[in-house]
Amino acid sequence: VCSSDLTYLKAGGKDYYLHLTVDNYSRKILGYYLTDNMQAEGSVYCLNMAMRAAGNPTGVIHHSDRGSQYRSEKFFDKAKNKYNMILSMTDGGKPYQNAIVERLNGTLKYEFGLKNNLKNYETLQKYVQNAVFIYNNYRLHASLNYSTPNVFYDSNNATYFRT
């Protein structure tokens, strides 16, 4: 099972959007994409990145909120027709039903400084890349027996990612 969401970030006083796809079991960020819009293309790019990182499994359950990106024809076509995913969505207005990735949004913002209005897009891009790298490789999780997402993901051979 994987979950996706996007979160709002700022740089140079302008809004940007970080699309994320995370493996629910290991908490590993498998895909991410920073863009200046909320279009479905960003979520599709993020999904493609996640699926490549996971070895292109089929039959994965993909969970998201009811954002227009995840209800779009582009996203639906890629998820269903290319990756044979089983799509799951929250009830409207219930973000706690997508808690894993919502928590990740908060962690990235408050532990890694992404809530700040950074200097410009290039600086924000570097912060995002560093945050994802540190989160996956060095941040310990009590729910993972104090392991990192990468170690937990690799030690379980990602077999849980497949249905």
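Student: At roughly what angle do the axes of helix α1 (residues 40-53) and helix α3 (residues 73-82) cross?

Tutor: The axes of α1 and α3 cross at roughly 15° and come within 8 Å. Axes here are lines fitted to C-alpha atoms, for helices over the stretch in contact, with angles running from 0 to 180 degrees between N-to-C directions. The model is predicted, so local features need pLDDT of at least 70 and side-chain atom pairs count only at pLDDT 80 or more, while totals for chains, interfaces and linings use all residues. Residues are numbered from 1 along each chain as its sequence is written, and side-chain values use heavy atoms, with hydrogens and water left out.

Student: Why is α1 called roughly parallel to α3?

Tutor: The crossing angle is roughly 15°. Angles under 35 degrees count as roughly parallel, over 145 as roughly antiparallel, 65 to 115 as roughly perpendicular and the rest as oblique. Therefore α1 is roughly parallel to α3.

Student: Which residues of α1 meet α3?

Tutor: Ala40, Glu41, Ser43, Val44, Leu47 and Asn48 of α1 meet Lys74, Phe75, Lys78 and Ala79 of α3, where contact means heavy atoms within 4.5 Å. By class, this contact has five nonpolar, two polar and three charged residues. Ala, Val, Leu, Ile, Met, Phe, Trp, Tyr, Cys and Pro count as nonpolar, Asp, Glu, Lys and Arg as charged, and the others, Gly among them, as polar.

Student: What makes Thr35 buried?

Tutor: Thr35 has a relative accessible area of 9%. Buried means under 20% relative accessible area, exposed over 50%, and partly exposed in between (1.4 Å probe, protein chains only). Thr35 is therefore buried. It lies in strand β3 and, leaving aside neighbours within four places in sequence, Thr35 is in contact with Tyr16, Tyr17 and His19.

Student: How do you know whether Arg139 is buried or exposed?

Tutor: The same test applies. With a relative accessible area of 18%, Arg139 is therefore buried. Its place is in the loop between α5 and α6 (149-155). Beyond neighbours within four places in sequence, the contacts of Arg139 include Arg103, Thr107, Glu111 and Phe112.

Student: Which residues touch the most other members of the largest nonpolar core?

Tutor: They are Leu18, Leu108, Leu124 and Val128, in a core of 20 residues. A nonpolar core is a set of buried Ala, Val, Leu, Ile, Met, Phe, Trp, Tyr and Cys residues joined through side-chain atoms within 4.5 Å. Elements giving two or more residues to this core are β1 (2-11), β2 (14-23), β3 (29-35), α4 (99-111) and α5 (121-137). Of these, α5 gives the most, with five residues.

Technical notes
Helix = DSSP H or I, 4+ residues; strand = E, 2+ residues; numbered from the N terminus.
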